[in-house]
Amino acid sequence: MAAEVLSMRNAFAFIALSSAGIACFAAVDVVYFQTLGYSLAFIGLMAAAFNIALTAAELPFAVLFDRYSNKRALQIGNALRIAAFALFFANLNESSLVLAQIIAGVATAAMTGTSNAIIVNSLPSRDPDVIAKAYGKITYVSAAAGIVGGLTGVLIFAVWPQGIWLAAIVFFVAAGIVIAFFRDKITDHHQLPWPKFARQALGTVRAPHAWLVVVTNAAAVAPFYLWQVKFNEVSLAFLAIGYLGLNIANLVGPMLLRILKIRVAHLAVVAIINVAATVAFALSDGPVLIWASFVVHVALQGMLQVLVAGLFHQGVPDGVRATAVSILSMTHSLVVALVAPVVTWVGQTFGLGWGVSISAVLYLLITVGGLQRRIRQAGKGTNGENDADVDTGQ
């Protein structure tokens, strides 16, 4: 038990350090590249290179994590991250920056979901509320570390813009030291033949709750794509206040799960409240209502992601967890690729309110999914309260 607790602490320390490292540049990287004279078109090209590399490399690294070495996948990803930041710092030419984005994309693929999988695999129970509680803590730790790293990056940027990359390197070197103390969990390489491994991994993404994860992530596309435009219509300062509200909401969401004792059984209730918050954000004109409805929406979205993660991971075997998450992530990326153009076109053609309202429809689907689960649980005689003593949050 002591070894499992230590493993969990190391995993959370790694998540905190890597989240802080990313936040060092995430709030100012576009502005940084613009100050160097690069156009938005080129910055968009770099983003495309990052996402292509991420999509291509995510599944191979997930398989490496599940079948060969948990620790090795994280070490490779961490090392590649540091190499990418070094190239950004050097700023040799445009080609080196594109290469840095490709390396960063591969590194992100190696680390996406793997540290989360270590935490879930170390849990004593596969109850969905227990898993949701762990995800709540992951969200809380990531958000808190992101605020610290973001403030650090902004302060450094004001004095020495190029220093944001060195700050990121420092955080990831510290994360690498933490990884060195990880206890590499024995994988199912010898116990699970490849055909069965593939069937289990693919089978989990066809599970009843997998679609809820995809739809929950897709539901956030409209507000997250259009909120900056809506806030900036008021003023640039209001945009900054909106960004602060977003981070506050990311912190508060997991805390509310614990304080209000919200469990997976309450999924439909949280989703329907988010329908109201999303509609309010879409229709509001006054700054106070815009900010308040957006913050409530972000907090509820974070709560939904925690709850559906608990449902999904309940049915995922430890030996295929990272691979299953990667397959689901690729599915989510495809759905977002379809939803995002629709959202932006509707927002540009009919107004931001109509574009944001697309999310309300998706939250209604999540509500239906939550109600269906309650009905199934009631039919089994549990009434959805089989884990009433287990709360969620951090």
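**Figure 1. Val 343 in helix 15 of the predicted model.** In this predicted model, Val 343 belongs to helix 15, which covers residues 321-350. Val 343 counts as buried, since its relative accessibility is 0%. A second residue to look for in this view is Trp 354, which is 11 residues away from Val 343 along the chain, with a separation of 8.5 Å between the two C-alpha atoms.

Figure 2. With a relative accessible area of 0%, Ala 107 is buried. Ala 107 and Gln 75 are 32 residues apart in sequence, while in space their C-alpha atoms are 9.6 Å apart.

Figure 3. Helix 8 runs over residues 163-180 and has 18 residues, and the distance from its first C-alpha to its last is 26 Å, close to the 26 Å expected at 1.5 Å a residue.

**Figure 4. An aromatic pair between helix 4 and helix 8.** Over the whole structure, a search finds 12 aromatic pairs. In one of these, the ring centres of Phe 85 and Phe 172 are 5.3 Å apart and the ring planes stand at 65 degrees, so the pair is classed as edge-to-face. Because Phe 85 lies in helix 4 (residues 70-90) and Phe 172 in helix 8, the pair ties together parts that are 87 residues apart in sequence. Phe 85 is buried, with 0% relative accessibility, and Phe 172 is likewise buried, with a relative accessible area of 1%. Both residues also belong to one aromatic cluster, which is formed by Phe 25, Tyr 32, Phe 33, Phe 85, Phe 88, Trp 165 and Phe 172.

**Figure 5. An aromatic pair between helix 13 and helix 14.** The pair described above joins Phe 85 of helix 4 to Phe 172 of helix 8. In a further pair, the rings of Phe 281 and Phe 294 have centres 5.3 Å apart and planes at 40 degrees, so this pair is tilted. Phe 281 lies in helix 13 and Phe 294 in helix 14 (residues 287-314), and the pair thus links distant parts of the chain, 13 residues apart. Phe 281 counts as buried at 1% relative accessibility, and Phe 294 counts as buried at 0%.

Figure 6. Helix 13 has 17 residues and reaches 25 Å from its first C-alpha to its last, close to the 24 Å expected at 1.5 Å a residue. Its buried residues include Leu 267, Ala 268, Val 270 and Ala 271, as well as Asn 274, Val 275, Ala 277, Thr 278, Phe 281 and Ala 282. On the surface, Val 269, Ile 272, Ile 273 and Leu 364 form a nonpolar patch, whose accessible area is about 330 Å² together. Helix 13 (residues 267-283) gives the most to this patch, with three residues. Val 269 is placed in helix 13 and is partly exposed, with a relative accessible area of 47%.

**Figure 7. The enclosed helix 10.** Helix 10 covers residues 210-219, and eight of its 10 residues are buried, so this helix is largely enclosed by the rest of the structure. The buried residues are Ala 210, Leu 212, Val 213, Val 214, Val 215, Thr 216, Ala 218 and Ala 219.

Figure 8. Most residues other than glycine have a negative phi. Asn 91, although not a glycine, has a positive phi of about 50 degrees. Lys 261 is not a glycine either, and has a positive phi of about 55 degrees; its place is in the loop between helix 12 (236-259) and helix 13.

**Figure 9. A lysine over an aromatic ring.** The charged end of Lys 137 sits over the ring of Phe 12, at 4.7 Å from the centre of that ring.

Key:
Residues numbered from 1 in each chain as written. Predicted model: local features only at pLDDT ≥ 70, side-chain atom pairs only at ≥ 80, totals over all residues. Heavy atoms only, no water. Patch = residues over 30% accessible without salt bridge, like charges linked within 9 Å, V, L, I, M, F, W, Y side chains within 5 Å. Areas by Shrake-Rupley, 256 points an atom, 1.4 Å probe, with all protein chains shown as cover. Salt bridge = Lys/Arg side-chain N within 4 Å of Asp/Glu carboxyl O. Helix = DSSP H or I, 4+ residues; strand = E, 2+ residues; numbered from the N terminus. Buried < 20%, exposed > 50% of the residue type's maximum accessible area, 1.4 Å probe, protein only. Expected span 1.5 Å × (residues − 1). Phe/Tyr/Trp six-rings, centres within 6.5 Å; stacked < 30°, edge-to-face > 60°. Lys NZ or Arg CZ within 6 Å of the ring centre and 35° of its normal.
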